[in-house]
Amino acid sequence: MRSHFKKLIPSLLFPLILLSGCSGHLPEVVSKENAPIELNVKQNGNELLKEHPELFTVSGGNTSLRFFNANWDNDARGTVIIGQPGHTVVLHYVSGVMGKENSAFTSERITDWKIATGIAQTRLIDHDEARRRFFGILQSFLDAGWVRAIPLGDPRLRGEAALHYLKTQSPTYTLDPAYVLPLDEWMALKDRTTWSLYADRAYLDISITRERSRNDIDKPGAYLIFYSFRSEDDRLRAMIDPMKRLYWRSELANVINAQKKLRNQAEDALKKENVAIDESYRDPPITGFSD
């Protein structure tokens, strides 16, 4: 199933990559194709197709998965409203979205959305302006009630300490959304650096990528933003061995406890180096699970 999903990802990303050849501004006239659409986890895919028959297509073949795809033209990119009720945020300059539904978990409906956007109306943007825009997006999620979600096996670090850990020990470590990177650190970020958030049984990973040929701080850059918006169940199930996912809840306690042991080990090592641990951080609640 995972390999099939990866094969479909380029169909989502390809239109956004074409953005690098686009310039100018979005038209002010809103058509049916680029009117705002709402996406949420556990959304009914069949109803989505009925509501937007000219925008969404469905694929999946003979697998247990169905993928709901929508792409927008470069000169009329989309607007998407994502988030749980009471925690919604509007995303602009959307190039493509892809939702995943698994027939093995029919009642969950669409559990995972991948969303690709630009950062501005135009192709190129000053690097510092891109930095300000991106952290403005992160702040909009915090303002909407989303909170940071550190993976269970990772140490609880804030601000500069989180950035240093990413740079020196774990290239996949997720950064603190409340910490605004200075311009020099922004320019040094690797592709797909990620910030993770949680709200009301849903998780959101936000990552940023800069066009590699445009790293000169004195010249404009081109940026892509990727969102992975998924249900709590889908996020937790991904932690379980694929062969055991049909009865994943019975495996969850062991996996969570093992992850927390890894966190404790990492934090103990960091404390010996006098690195401050964010003792105030609390993991998002896990439905039906207690320590």
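Reply: Here is a walk through that strand, then the cavity, then the salt bridges.

Happy to! This is a predicted model, so residues count for local features only at pLDDT of at least 70 and side-chain atom pairs only at pLDDT 80 or more, while totals for chains, interfaces and linings use all residues. Numbering starts from 1 along each chain as its sequence is written, and side-chain values use heavy atoms, with hydrogens and water left out.

Let us begin with strand S8, residues 193-199. Helices (H or I, at least four residues) and strands (E, at least two) are DSSP runs, numbered from the N terminus. Seven of the seven residues of S8 are buried, so the strand is largely enclosed by the rest of the structure; buried means under 20% relative accessible area, exposed over 50%, and partly exposed in between, with a 1.4 Å probe and protein chains only. In a regular strand, side chains alternate between the two faces of the sheet. Here Thr-193, Trp-195, Leu-197 and Ala-199 point one way, while Thr-194, Ser-196 and Tyr-198 point the other way.

Strands pair if DSSP finds at least two bridges between them. Strand S7 (residues 147-148) pairs with S8 in the antiparallel sense over two bridges, and Arg-148 stands opposite Leu-197. Strand S9 (residues 202-210) also runs antiparallel to S8, joined to it by seven bridges. Tyr-203 in S9 is the bridge partner of Tyr-198. S8 and S9 make a hairpin with two residues between them, and Asp-200 in the turn has a positive phi of about 45 degrees.

A cavity is a set of points, on a 1 Å grid over the protein atoms alone, where a 1.4 Å probe fits but cannot get out; lining residues have an atom within 4 Å of a point. The count is one cavity of 30 Å³ or more. About 40 Å³ of space lies in the largest cavity, where a volume is the space filled by probe spheres set on grid points joined across faces, edges and corners. Its lining is made of Trp-186, Leu-189, Lys-190, Asp-191, Ile-208, Thr-209, Arg-210 and Tyr-223. By class, that lining has four nonpolar, one polar and three charged residues (nonpolar: Ala, Val, Leu, Ile, Met, Phe, Trp, Tyr, Cys and Pro; charged: Asp, Glu, Lys and Arg; polar: the others, Gly among them).

Now for the charged pairs. The model has 23 salt bridges, each a side-chain nitrogen of Lys or Arg within 4 Å of a carboxyl oxygen of Asp or Glu. One of them joins Lys-167 and Glu-185, with the closest N and O atoms 3.2 Å apart. Lys-167 lies in helix H4 (residues 159-168) and Glu-185 in helix H5 (residues 183-188), so the pair ties together parts that are 18 residues apart in sequence. Lys-167 is exposed at 53% relative accessible area, whereas Glu-185 is buried at 19%.

Asp-234 also meets Lys-100 in a salt bridge (3.4 Å, N to O). That pair links distant parts of the chain, 134 residues apart: Asp-234 in helix H6 (residues 232-237) and Lys-100 in strand S5 (residues 89-102). Both Asp-234 and Lys-100 are buried. Asp-234 forms another salt bridge with Arg-237, at 3.7 Å between the closest N and O atoms; these two lie three residues apart in H6, about one turn of the helix.

Terms used
On a 1 Å grid over the protein atoms alone, a cavity is a set of points where a 1.4 Å probe fits but cannot get out, and a pocket is an open set with protein on both sides within 12 Å along at least five of seven lines; lining residues have an atom within 4 Å of a point.
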